[in-house]
Amino acid sequence: MPVYSLEVAVVLLGLVLLMMEAFVAGKDKRFVAHTALLGLGAVLVGSFFVDRTPDASGFWSFYKADGLAMTYKAIALACTMLVIVLGLDYIPVLEKFTARVGGHGAWGEFFCLPVFICAGMMWMASASDLTSIFVSLELVTIAFYVMVTFMRRNVGSLEAGVKYLILGALSTGFLVYGFTWLFGVTGQTNLDVIAAKLNSGTVATVPAMFSFALILVALAFKIGAVPLQFWIPDVYQGAPTPITAYLSVGSKAAGFIVTTRILQVFLGSEALVHNCTAILLAVACATLLVGNLAAIPQTNFKRLLAYSSISHAGFLVLALAAGPAGAFGLAPGQIVAYYLAAYLIMTLLAFAVLVVINRTSGSDDLNAFNGLHQRSPFLAFALLVAVASLAGVPLTVGFVGKLLVFAAAVKASLWLPLGFAIIGAVAGFYYYLKVLRNMYWNAPAGGTLPAITLSGLTKATLLLLIAATVVLGVWWAPLFQLVRR
Amino acid sequence: MPSVLFYIFAAVMLGFGLLVVVLRNPVSNALALAVSFLGLAALFVSLNAFFIGIIQILVYAGAVMVLFLFIVMLLDIKAEQRRKLNMPAVAGGVLLVVAFSIQLISVLANFEPGKRRINEVPLDLPAAAAARVASGAPAASINATLNAGSLPDVNLVGETLFTKYNFHLQVIGVLLLVATVGVIVISRREDKNAPAAES
Amino acid sequence: MVKGEAMLQDYLPVLMQILIASGFAAVTLAVSVLLGKSGKRNAIKDSAYECGMLPIGDMQPRFSVKFYMVAMLFVLFDIEVVFMFPWAVTFKDLVLHSTTAFWSMAGFAFVLLVAYVYALKKGALKWND
């Protein structure tokens, strides 16, 4: 099987799901989610056995199937599956806030659209041409506009959708304008050819830098870095929680593979590397500072995770800016892939707990976590593992990710950005562990609350994610193998 | 003389684009947007991109109509008219535009290939046809049209789109599907007895 | 040879047409203002005449959401047609060479057919209910 059949399979799965959703009678559309899980799982397994050798056709100038692409495809598939599991837990909330058709909430499409988003993210992972980057990125972004606004009976969701739409359109404008300049100075759209052209010394550097700045602004929107980070808290808070998780992991990862590929072009050019690195380091420092310091006063867990997502973007940009040396035998792109795989595990674990809390208490506030230890020791433990890993406590998968970034920064002697990163990591300890105080020491306001029961699928997913966080934090060889493919 | 036409259409596009931002009534904004698109379409045509120019008008006519519906249906026009100007925001916006313009001007001043005039690089159609024959491009009738001295731009768009860029076409197909589903999900009619939305 | 200058010159009549049309409208309006000085409006003249109805409510009526949905779907399928037009124009040439053009449009149209079936099934195009 050629590698592009993976995306074809995912799109066909999406079409089948859409038709099932429309034509199978009955109001309980859970079977759509279950089919999606099975199908995506099959594709995920299949992604390890595909034939990745390119042939002579012109298609391969738009599409790349290197190890990095395959890692990001796996991240996209795994993330989509976990989001669908989260969505299954979130159905009571969806039932309340989606359009009421025939006396019940219409949430069937909530499990179809992520499959198309997944296909878009897989295409993004392989995109190696300005044109294919643009179309696949737009597919993902437009589908996300719909998903963020999905709970249309909830004003917060609508507000988040409008904010995401307007800033998304703005960033698309920046992206296309930057691409236009890049095409204008090089006359090419394929990234490898552009890289060769930029290195040939025949290209005007000032317009190339201009295109770099424009593209960076647009990508900052996708990955949640300064200067276009301010949409993140509001959109994350308003969007349906599984979609927040999807934005925070899937959309960010897809943004980072594109960022990695485009930065390779600019950082590989002798004439541009100096200025580009300086700009990237400034972005990384500002992102680390904004993300971590603004997270400290937050009292809403979703907003806290939003700022945490900004700060993680700062670490990732720092890794990319640290230069081609990398660390521990991993190239910068591979460090980012590793960090994102780790980030996927721990963030989705945190969001899985948040979905349950949100469903049972109807609130995302930190106070809603009060006394969680008494209500469900298992959930409290899951969140403990998640925030410990997000903060970067040793023996968790998040620690290894941070270690790689720090090692790369030390190797490149970036002492000032390293200082910002350390401030960020220390601040992280404070605000992440605030949640623990709520869970273990604060008593709930309204006396003892009833215990929380979990479905089998949720329990299994949580267990899997906890195990992954802890085991991969000690034994990191498997993830290393994955990103080194 | 024709460069006068360029300046006229560019002025129409930019002037009405400015009106989109400046005018207070959303209906006027939408109309100004439509005129701005007309100016843009004329510029496309002046660059020999006839197909893009026509499509610009056809699609955006539809899109602007939808915008009208959107305005009339969803916005409280009077509320928009009453809104006071937010001076810090206006100042910030002006500052941003000025900074961006300075940047753009300095970039353009540094961009040597950008200083050539379009008249200095005329389209050499027979040479293009010869190059197509040499590279074995599929559509033969395009070469005949090129040799006859006119530009078959729709045919060229079609040929490129359906041979070289068919991967992108499939992605756009999925994109349109997602958009269709999205439109229906977000604006589907609800039951008449549905309870009011919550905040 | 096609020159940018020559091409743009072909559109001079279009510009003149635009100028004449807008000039005619402007002159008509100006003349009516100049000659119709006595007809200046005031509050009494603007009020309803004799048994006319007093205007109450919004200037623009609000439309039903179904207009919006049909219009949005129209735009989406309009874009689909934009892609089909160059395909139809070049199909005869391309299909002699290989079937790629046929299959790429077949895939594109199939995906959008699913979208159309979905829209039909969900009643998005149903006007009366």
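Predicted model: local features only at pLDDT ≥ 70, side-chain atom pairs only at ≥ 80, totals over all residues.
1. Chain C holds five helices and zero strands, and read from the N terminus its elements run α-α-α-α-α.

2. Chain C meets chain B through an interface that involves 52 residues of chain B and 50 residues of chain C. On the chain B side, the elements that supply two or more residues are helix H1 (2-22), helix H2 (26-46), helix H3 (50-74), helix H7 (140-147), helix H8 (153-164) and helix H9 (166-187). H9(B) gives the most, with 13 residues. By class, this side of chain B divides into 35 nonpolar, 13 polar and four charged residues.

3. Next comes the contact of chain A with chain B, which takes 37 residues from chain A and 25 residues from chain B. The chain A side has two or more residues from each of helix H1 (5-23), strand E1 (100-101), helix H5 (113-126), helix H6 (130-148) and helix H9 (205-223) of chain A. Here H6(A) gives the most, with ten residues. The residues of this side comprise 24 nonpolar, eight polar and five charged.

4. What does B:Val178 touch? Leaving aside residues up to four places away in sequence, its contacts are A:Leu113, A:Phe116, A:Leu139, A:Ile142, A:Ala143 and A:Val146.

5. Now a helix pair in chain A. H5(A) packs against helix H11 (residues 241-267) of chain A at an angle of about 25°, with the two axes 8 Å apart. That angle makes H5(A) roughly parallel to H11(A), and the crossing is left-handed. From H5(A), the contact uses A:Pro114, A:Met121, A:Met124 and A:Ala125; from H11(A), it uses A:Tyr246, A:Gly250, A:Ala254, A:Ile257 and A:Val258. Sorted by class, the contact of these helices has eight nonpolar residues, one polar and no charged ones.

6. Is helix H10 (231-238) of chain A mostly covered or mostly open? It is mostly covered, with six of its eight residues buried. Those buried residues are A:Ile232, A:Pro233, A:Val235, A:Tyr236, A:Gln237 and A:Gly238. Their cover includes H6, helix H7 (155-186), H11 and helix H13 (301-321) of chain A.

7. Some backbone details may interest you. Most residues other than glycine have a negative phi, and most peptide bonds are trans. The peptide bond from A:Val226 to A:Pro227 is cis, with omega near 10°. A:Pro227 sits in the loop between H9 and H10 of chain A.

8. For A:Leu395 the value is near 70°, and for B:Asn48 it is about 70°. A:Leu395 belongs to the loop between helix H16 (377-391) and helix H17 (397-411) of chain A, while B:Asn48 belongs to the loop between H2 and H3 of chain B. Why does A:Leu395 count as exposed? Because it has 12 C-beta neighbours inside 10 Å, and the exposed class takes in residues with 12 or fewer. B:Asn48 has 18 such neighbours inside 10 Å, so it counts as partly exposed.

9. The loop between H16 and H17 of chain A also holds A:Gly392. A:Gly392 and A:Lys402 are ten residues apart in sequence, yet 6.7 Å apart in space from C-alpha to C-alpha. Beyond residues up to four places away in sequence, A:Gly392 touches A:Gly398, A:Phe399, A:Lys402, A:Ala425 and A:Gly428.

Key:
Residues numbered from 1 in each chain as written. Chains lettered and ligands numbered in written order. Contact = placed C-beta atoms within 7 Å. Helix = DSSP H or I, 4+ residues; strand = E, 2+ residues; numbered from the N terminus. Nonpolar A, V, L, I, M, F, W, Y, C, P; charged D, E, K, R; others polar. Buried ≥ 20, exposed ≤ 12 C-beta atoms within 10 Å, placed from the backbone. Axes fitted to C-alpha atoms, helices over the stretch in contact; angles between N-to-C directions. Parallel < 35°, antiparallel > 145°, perpendicular 65-115°, else oblique. Left-handed = near helix turned anticlockwise from the far one by under 90°.
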